[in-house]
Amino acid sequence: MQVVVDRESRTPIYWQIADQIKEKIISGQMPDGFVLPSERAFAQMLGVHRNTIIKAYTALKDEEIVESVRGVGYRVAYQSKDFYEPDVRKKVNWSAVIKDEYQDMERTFDEIFQRSSDANNISFATGLPPAVYDEANLAADFAAILNEQGGKSSFLTPYQGDLELRQRVISYLRTKGIKAGLNQVQILSETNQALDFIVTAMLKEGDRVIVEEPVSPDVYRVIKLAGCKAVTVPVDQDGIVCDHLEALIETHRPKFIYVNSSYHDPTGNILSVERRKKLLEISNRYRLPIVEEDAASELAFEDDVMPTLKAMDRSENVIYIYSFSLTFIPGLSMAFVVAPEKLIKSLSYLVSIRVMTLDWITQKLLAKYITSGKFYENARRITELNREKRDLMCGFLDRLVPLGLSYEKPRGGVYVWCHLPEGVDGKEVAAVCTRCGISIVPGDIFYPNKNGGRDCIRLNYSFETKARIKLGMENLIEIITNLAQRTSL
């Protein structure tokens, strides 16, 4: 069966396919009972997505000239239309309605985090802080905030974020060497939303963005869903490698560079001062924005405070994203973007049409704690707890070094990036861990093209208690040991 697809045509491909099949049916080239190719085989034959074929077949079914039969597939039923009872209700074919890209995204990362909500599951995947805020005091502070409103509704906060919180954020930024005005700060819920809004405001379909590799799936999925392409650059112990960056810029003409500058997810590495200077130099030369994500910078165990790219920027080329997700209360997420006023206005507009209002009570609570100093005090407690948990987890990992496991002990942040013993696959380790009630993240998830990381896993030590870390690591050691011994046979 010959069908020709014109990729330059404005007519959707599935309509082209459906129209050509319909013409063959009406002309008699495909008589009643003629069995159409399977969805998968037809998709491969035409070099299109399977969902495109599903949409085409669905359109033909809607016109009642094709039927689907269990065990047979799709077949022509043009002249004998009695296969449809007149009273049968026709359900929406959701596969044809939902965009392909929202049906085919890698879901492994999300499923791992869903398991993390199970109290019986030990999560080495979730990037959440330990709970250090006293619950009774929290309840009193929430009540006080509600009473302070004096009956006045504050549920609809300004699109740019609560004024008091923005003022406190400006003070907080000064501790990082960043000077910003009220109109240069946009409050948002978390980093995923911040990056999504930045991508929406700055990118057109087909645009390219330079990202680190490995990189969080949250980053490359946002770019992919916008119809854009992530151009990857490797990272080493000093962060993103800049050696061939200019050649990539000349070739791909990206719209911005994305970097996770402090205690990188997933490797835990920190971008060196020399690399920061080089990135800014390249940014200035090509007038190319840099999006700097910096959520883990507060969690430094041994390092001196590293200057942010934003603090070093003198040209307003850096868009700075910071999240309190690792340093505040688990489940109460709040983030902000610092950028030129023109971009902030665009982000505020997106808030107005996408979310209408931000979490006002969390904004008030965070502003209250920054003002009182309680945020800084508890951030130090969280850092110290994370240091102790890191040492505990790394002590267990050291027992696997003789088997060939290797890792760099993180100097801050929440992640350990492990290279597994030779022959051990990260996906298999993750699968066995799941069956044992442990969540870890296999390394290939952090490679947009799935061309690396098969011998790696990412572990998080911030979320679980020390007792549960011990229990989970004892089991993880046994799992990796068994797999390593099996591969050596």
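## Nonpolar surface patch

Val92, Trp94, Val97 and Ile98 make a nonpolar surface patch of about 400 Å². Patch members have over 30% relative accessible area and no salt bridge, with nonpolar side chains joined within 5 Å; a salt bridge is a side-chain nitrogen of Lys or Arg within 4 Å of a carboxyl oxygen of Asp or Glu. Accessible areas come from the Shrake-Rupley method with a 1.4 Å probe.

The model is predicted, with local features requiring pLDDT of at least 70 and side-chain atom pairs pLDDT 80 or more, whereas totals for chains, interfaces and linings use all residues. Residues are numbered from 1 along each chain, and side-chain values use heavy atoms, without hydrogens and water.

Val92 lies in the loop between β2 (73-76) and α4 (94-97); helices (H or I, at least four residues) and strands (E, at least two) are DSSP runs. Val92 is partly exposed because its relative accessibility is 47%, the class between buried (under 20%) and exposed (over 50%).

## Antiparallel sheet

Four strands form an open sheet in the order β12-β13-β16-β15, with antiparallel pairing. Its edge strands, β12 (406-407) and β15 (441-442), each pair on one side only. Pairing requires at least two DSSP bridges between two strands.

## Strand β13 and its partners

Strand β13 (residues 415-419) pairs with β16 (residues 456-460) over 5 antiparallel bridges. Within this pairing, Cys418 has Ile457 as its bridge partner, and His419 stands opposite Cys456.

β12 and β13 pair in the antiparallel sense over 2 bridges, and Tyr407 stands opposite Cys418. Because 4 of its 5 residues are buried, β13 is largely enclosed by the rest of the structure.

Methods:
Patches are made of residues with over 30% relative accessible area and no salt bridge: like charges are joined within 9 Å, nonpolar side chains (Val, Leu, Ile, Met, Phe, Trp, Tyr) within 5 Å. Buried means under 20% relative accessible area, exposed over 50%, partly exposed in between (1.4 Å probe, protein chains only).
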